[in-house]
Number of protein chains: 2
Amino acid sequence: MPVLPYTLQKPLPVPGFKVGSASCGVKSPDLKGKRQDVTLIVADVPAQAAAVFTQNSFRAACVDLGEKTVQEHASDIRAIIANAGNANAGVGEMERVWSQQLVDLGAKAAAVEANQVLSASTGVIGEPFPIERIAKTIHEASDSLAEDNWLQAAEAIRTTDTFAKYTSRQFDVFEQNSGGKTYTITGVSKGSGMIHPNMATMLGFIATDAPISADKLQRILSKVADVSFNSISVDGDTSTNDTVYLLSSGLGLGDEELEDTSGFEEALQEVAIELAQLIVRDGEGVTKFVSIEVTGAESEQQARDLGRTIAVSPLVKTAFAGSDANWGRIIMAIGNSGSFIQSNKVSIKADDVLILKDGNLHSDYTDEMGMAVFAKQEFILTVDIGLGNACATVWTGDLTHEYISINAEYRS
Amino acid sequence: MPVLPYTLQKPLPVPGFKVGSASCGVKSPDLKGKRQDVTLIVADVPAQAAAVFTQNSFRAACVDLGEKTVQEHASDIRAIIANAGNANAGVGEMERVWSQQLVDLGAKAAAVEANQVLSASTGVIGEPFPIERIAKTIHEASDSLAEDNWLQAAEAIRTTDTFAKYTSRQFDVFEQNSGGKTYTITGVSKGSGMIHPNMATMLGFIATDAPISADKLQRILSKVADVSFNSISVDGDTSTNDTVYLLSSGLGLGDEELEDTSGFEEALQEVAIELAQLIVRDGEGVTKFVSIEVTGAESEQQARDLGRTIAVSPLVKTAFAGSDANWGRIIMAIGNSGSFIQSNKVSIKADDVLILKDGNLHSDYTDEMGMAVFAKQEFILTVDIGLGNACATVWTGDLTHEYISINAEYRS
C-alpha cells in the first residue's frame, strides 16, 4: 500500500515534444500486448539536454553511452528511448552492443541520427537483452507518438511500481522584448526507491519548452538533483542504472534564451521533488512518509549526509514502522553520521512536539506525545545540531514486514 | 533462533583475576534477585590495560570516563564494573555524575581507588540511572568474587542476547631465561550485533596473564579489533556505548615482559574473532551466518570497507534470508562501496561455486548451484575485485521478518 493521500493531476503536454509507447514483451514474450514496456520521447527540433546518473561504480552500458552522448551532443538531442523489463546490466561483453542497438532502434523509430538519441533500461539484471523483440514491435511507439501522451510514458517505464509517477508545473516569464509567456515542465519517474534489486533503477525524464542552453540546464539540474532525487532514501542501496534526463525544446522552437532562469529553476525543483517523493511514497513495503529536516548544520552537505544517515538506519525505520517515538535510536543514528556532533547541542522535534532540547529530554515531553506523531501516516522529524545555519531535508519511508516479504520471499 | 551449531566450552580462569556478579534490578526493581545484572572483574595486582571504543560521536559518559582512565592509568588498573539494563546514555547532565558514581561503587566493592576502575553500561537509553539500587546490592558482587566465575560474568552482561558469549585460548611461550610457560586469554562479550536500540551496545572484556605492557597491549588490541569486532555487521548501526577492555595481570604477578608477542597476538585474535562472531550468530532475527571474503583489493581497508558495504545492504541480506543467490544485488552493493571498481575484473564465488568470472556470468553456473549454497545455514561469499593483493573478511547475518518484529512491534 503506497502512501499517496492525494490524486495526481494529468501531465501537461510540452510544446516541441511527442511521446509514444509500445508493448514488446521485453521481460517475457508472454507480456507482449499486455503491458506497455518501451517508451519513445521525440523532440520536433534539436533539444538542449542535461543528465545526472547513478553514483554506483558498477554502471550499466546505457549509462556510459548516455553520458557520452550528452557530453558530445548536448545541444542536438532528438529522442529518448527507454525500456522496462530488462536492465541490460551485468551481462558481460554484449551489454555495450545491445545498448548501442537500442539507441539505433530509437533513432530509426524517431527518424533521427543515433548520436541524437539517449537511452535508459530498467528491469532484471543479468538476463540476455531481447533486442529482437524490441526491434519487431518498436513501430508501435512511433505510430502512437502524440503531444498528450505523457501518461502512457509514465506507465511504460514502470517495473514493480504500484502506480505511475508524473507531474507538471507551469511558470510565467515577462521579458522586455517578448512580453509575457507561459512555459511548461513535465516529468515522469519510476522506481520504488532505488531498491528493486533485479528490477533496480530510478528513472526520471523531464521535458520543458523553456528556452535555456544545455550548459545552463546542466548546472541547474545538478543543483536541483541534490535537493530532490539525491535526497530520498528507501534502503540506502543505489542501482546500477539510475538516470535523470532533462530536455528543452525552447531554443529549437526559436525562442530567445531566458536571461533570468530563477522561475524555471523554482518550477523544476518542484517537479523534481515531487517525482522523487513519489518514489518514496511507492517504496517497497512503505506505510509511512517521513520528512527528515536537519537544521543548524555547518554546511548543506553535512545536513544532507546526516539526514541520509538517519533515513537509512534500519533501527530508525523500524521505529517509524512501529509508531515508536524511539529517540534513542535517532541520537544513535545522528552519532553515526561521521560528522563531529556535540551531544549537548542536539534538539529533536517530531512535528511540533519538542522531544530533546540541547541534549536533554524536554521537561514537558511524554512518550504519549511522541507516539501520537509517529503514529501518523506522514510527519516531519526535525533534528537541529546547533553548529551552524545550513539545513537540508531528506525523505524516507519505514521498514516493514512487507519489505522483507518482497525481497526475501520472491525471486525478483 | 541463533546460528550456533556448536557448544561453547566453559571459560578458563586467568591467574590474577577474580570475577563476581550481583542482581541489582537495574532495569526494573522487579528483576532484583531474578537475574544477574552487575559484573565485577577484579585484578589482584595492578593490571596493564588497553581499550577500544565506539566510533559513534554520541558517546555515553562511561565511554569518555573509561577512555580517560585508560589513558592516564593504563599500567595500574584494578577493576572493571559493568551493568546491564540501563545504558546511562541520553539522559543529559546527570550522565557524567552517575557514571562516576558507578566507578566509585566499583572501587569500593573491589577495595581499590576510583582511578583504577573502568566501567561500562548497557541497556535502555534515556532512562534515569538507578545508582541507589546498584549501591544497595553491589556487595553481592564482591561477596561472590572467584577465579572460576567468568561464566557468571558472561551471563550478567547480557541484555537481549539469547545466549551468553565467552571463549578462552591458551598459548605457550619458551624464553631462554624462564623456560616454558602457558598463558591464558579469556574473554566475554555481549550484543546481538550493535543493533539493540534502547538496549544497544557491544561489550567485550578480555583478561590475560601474559606479561605485556599497556602500550604494546593497546597496539595489539587496536590491530586485532579491526579484524574482529570491527569486521562484523548486523545492521550497520553502531551504538553509543560499544567498549572492549583488555587487561593483563602478568607484569603485576612478577613475570618478565614477553619479547615475542606473536603467540599472544595470534591467540588474542582467535578470542576476539570468536567473541565477535558470536554476536553475529546471535544477531536479531538472524537465521544465517555468512562470511564475506573480499580479495584482490588494493588495501586491507578497501577490502574491509567493501565487505561491510555488502554486509549492510538490506537487499543482499534479504537475499540471504530468501536463499536467493541474487548476484545482481551483490554487484550493486560492490558498486556502492565508494571504491573505484572495474566491473570486468570482478569475480564472485559462493563456497566453491564460481558465479561471476571477470565480470561475466560463468558458463558452467546455474541458478540451482547458487541456490544450493545460499540455502545453507553457513556459507562463504568470496568477492575478488582484481585490483591488488589485499584481503579482508567480514561476518554478517541475514535480514528477516523476525528482525522487523523485534524492532518494530515491541518497544525495546
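This is a predicted model: local features need pLDDT of at least 70, side-chain atom pairs count only at pLDDT 80 or more; totals for chains, interfaces and linings use all residues.
**Stop 1**

Show both chains. Two copies of a chain are related by a rotation about an axis and a shift along it.

**Stop 1: where the chains meet**

Stay with both chains. In this interface, 47 residues of chain B are in contact with 47 residues of chain A. Now colour four elements of chain B: α9 (314-321), α10 (327-335), β13 (360-361) and α12 (401-409). Each supplies at least two residues of the side that touches chain A. The largest share, seven residues, comes from α10(B). By class, this side of chain B has 18 nonpolar, 22 polar and seven charged residues.

Why do the copies meet through the same surface? Because 100% of the interface residues of chain B are also interface residues in chain A.

**Stop 2: a helix pair in chain B**

Two packed helices are described by the angle between their axes and the distance between the axes. The crossing is right-handed.

Show side chains next. From α8(B), pick B:L306, B:T309 and B:I310; from α10(B), pick B:I330, B:A333 and B:I334. These residues make the contact. Five of the contact residues are nonpolar, one is polar and none is charged.

**Stop 3: the helix pair α8 and α10 in chain A**

Switch to chain A and select α8 (300-312) and α10 (327-335). Their axes are 8 Å apart, and they pack at about 130°. The two helices are therefore oblique to each other. α8(A) passes α10(A) in a right-handed crossing. A:L306, A:T309 and A:I310 of α8(A) touch A:I330, A:A333 and A:I334 of α10(A).

**Stop 4: α1 and α2 of chain A**

Move to α1 (61-73) and α2 (94-110) of chain A. Their axes come within 8 Å and cross at roughly 55°. That makes α1(A) oblique to α2(A). This crossing is right-handed.

Which residues meet here? A:A61, A:C62 and A:L65 in α1(A) meet A:E95, A:R96, A:S99, A:Q100 and A:V103 in α2(A). The contact has four nonpolar, two polar and two charged residues.

**Stop 5: the sheet of chain A**

Select seven strands of chain A, in sheet order: β8-β15-β10-β14-β11-β12-β13. They form an open sheet with mixed pairing. The edge strands are β8 (232-233) and β13 (360-361), and each pairs on one side only.

Zoom in on β11 (347-350) and β14 (378-384) of chain A. Do they run parallel or antiparallel? They run antiparallel, joined by four bridges. Find A:I348: opposite stands A:V383 in β14(A).

**Stop 6: helices on the sheet**

Bring back α8(A). It packs on the sheet and touches β8, β10 (289-297), β14 and β15 (390-397) of chain A. The direction of α8(A) makes about 25° with that of β15(A).

Finish with α11 (367-374) of chain A. This helix lies across β11, β12 (353-357) and β14, and runs at about 120° to β12(A).

Note on methods: Residues are numbered from 1 along each chain as its sequence is written. Chains are lettered from A and ligands numbered from 1 in the order in which they are written. Two residues are in contact if their C-beta atoms, placed from the backbone, lie within 7 Å. Ala, Val, Leu, Ile, Met, Phe, Trp, Tyr, Cys and Pro count as nonpolar, Asp, Glu, Lys and Arg as charged, and the others, Gly among them, as polar. A crossing is left-handed if the near helix is turned anticlockwise from the far one by less than a right angle, and right-handed if clockwise. Axes are lines fitted to C-alpha atoms, for helices over the stretch in contact, and angles run from 0 to 180 degrees between N-to-C directions. Angles under 35 degrees count as roughly parallel, over 145 as roughly antiparallel, 65 to 115 as roughly perpendicular and the rest as oblique. Two strands pair if DSSP finds at least two bridges between them.
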